[in-house]
Amino acid sequence: MTYHRQRPLCQIESYMDNSKLFLSFQLSDIDQSILKLEQDLLRTAQWLCENHLLINPDKTKFLLLGTRRMLSRLSEDLSMSFLGEKLKPSKSAKDLGVLLDPLLTYDHHITSIVSSSFSMLSQIKRVKKSFDKETLQLLIESVVFSKMLCCSSVWSNTAAQNINKIRSVRNFACKIITNSKKSDHVTPLLRHLNWLPVREQLQYRDSILAFKCINGTAPQYLSSKFKKR
């Protein structure tokens, strides 16, 4: 997906096959762009019917991406027609496991994964006495952290308040593994587990991905985006 900071970007997401339509346009061309998207959606629905597939307009999302200033200039009555239903701009939409919001702050995504991570950690805490320390650490890193940090290269530039939410999950997991009290200082415990601070770990993951892309060990669709100079 190419995101042009100067222009709002429309995303249509279909519930059936997770297909998407993207269109970048100038704010002054929004009426023509909405009409073009409606025509594309109608052709998509016709193709699905011809191939004996169904599409639910109630679960089709319409997402506008842009700067706060540009989005504030849009009409409150803005909508798109699809199979007799009016699609209003959505506050979030999921794309490949990442919850996107109109300003690309990833607030919804971070809130969702933090809530899920705390839930999993609470369940693990109840049975932690059944595991030794090494197994418990392996379980948390593979089950909780792998899900929490999934697609981190997309949302790693999020605001500091969201990074603090991720940090709170790491601290909770650390105290579960080390069997520490709530009042114990967490910094030496993190060093004992050889865990990087959250911001540094996100940079480390991005650096590894960039290294693989430059050296051709990443998928081609990512490696092709890098140009050596």
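Trainee: Is Phe-118 buried, partly exposed or exposed?

Mentor: This is a predicted model, so read the class from the computed accessibility. Phe-118 has 29% relative accessibility, so Phe-118 counts as partly exposed.

Trainee: How many aromatic pairs does a search of the whole structure find?

Mentor: Two aromatic pairs turn up. One of them joins Phe-118 and Phe-172.

Trainee: How is a pair of aromatic rings described?

Mentor: By the distance of the centres and the angle of the planes.

Trainee: Which parts does the pair of Phe-118 and Phe-172 tie together?

Mentor: Phe-118 belongs to helix α3 (residues 107-126) and Phe-172 to helix α6, so the pair ties together parts 54 residues apart in sequence. Phe-172 is partly exposed, at 23% relative accessible area.

Trainee: And what is the geometry of the pair of Phe-145 and Trp-195?

Mentor: Edge-to-face. The centres are 5.1 Å apart, with 70 degrees between the planes. An angle over 60 degrees counts as edge-to-face. This pair links distant parts of the chain. Phe-145 sits in helix α4 (residues 133-148), while Trp-195 sits in the loop between α7 (187-192) and α8, 50 residues apart.

Trainee: Are Phe-145 and Trp-195 buried or exposed?

Mentor: Phe-145 has a relative accessible area of 8%, so Phe-145 is buried. Trp-195 is buried too, at 10%.

Trainee: Which residue lies over the face of Phe-145?

Mentor: Arg-170 does, at 5.3 Å from the ring centre. Arg-170 is also one of the α6 residues that meet α8.

Trainee: How do the axes of α6 and α8 cross?

Mentor: Read the approach and the angle together. The axes of α6 (residues 160-178) and α8 (residues 198-214) come within 9 Å and cross at roughly 100 degrees. Therefore α6 is roughly perpendicular to α8.

Trainee: Which residues of α6 and α8 meet?

Mentor: From α6, Ala-160, Ile-163, Ile-166, Arg-167 and Arg-170. From α8, Val-198, Arg-199, Gln-201 and Leu-202. The residues of this contact divide into five nonpolar, one polar and three charged.

Trainee: Where is Pro-89?

Mentor: In the loop between β5 (85-87) and β6 (93-95). Pro-89 has 36% relative accessibility, so Pro-89 counts as partly exposed. Leaving aside neighbours within four places in sequence, Pro-89 is in contact with Phe-62, Leu-64 and Leu-78.

Conventions: Residues are numbered from 1 along each chain as its sequence is written. This is a predicted model: local features need pLDDT of at least 70, side-chain atom pairs count only at pLDDT 80 or more; totals for chains, interfaces and linings use all residues. Side-chain values use heavy atoms; hydrogens and water are left out. Axes are lines fitted to C-alpha atoms, for helices over the stretch in contact, and angles run from 0 to 180 degrees between N-to-C directions. Helices (H or I, at least four residues) and strands (E, at least two) are DSSP runs, numbered from the N terminus. Angles under 35 degrees count as roughly parallel, over 145 as roughly antiparallel, 65 to 115 as roughly perpendicular and the rest as oblique. Contact means heavy atoms within 4.5 Å. Ala, Val, Leu, Ile, Met, Phe, Trp, Tyr, Cys and Pro count as nonpolar, Asp, Glu, Lys and Arg as charged, and the others, Gly among them, as polar. Buried means under 20% relative accessible area, exposed over 50%, partly exposed in between (1.4 Å probe, protein chains only). Rings of Phe, Tyr and Trp (its six-membered ring) pair if their centres lie within 6.5 Å; planes under 30 degrees apart count as stacked, over 60 as edge-to-face and the rest as tilted. A charge sits over a ring if NZ of Lys or CZ of Arg is within 6 Å of the ring centre and within 35 degrees of the ring normal.
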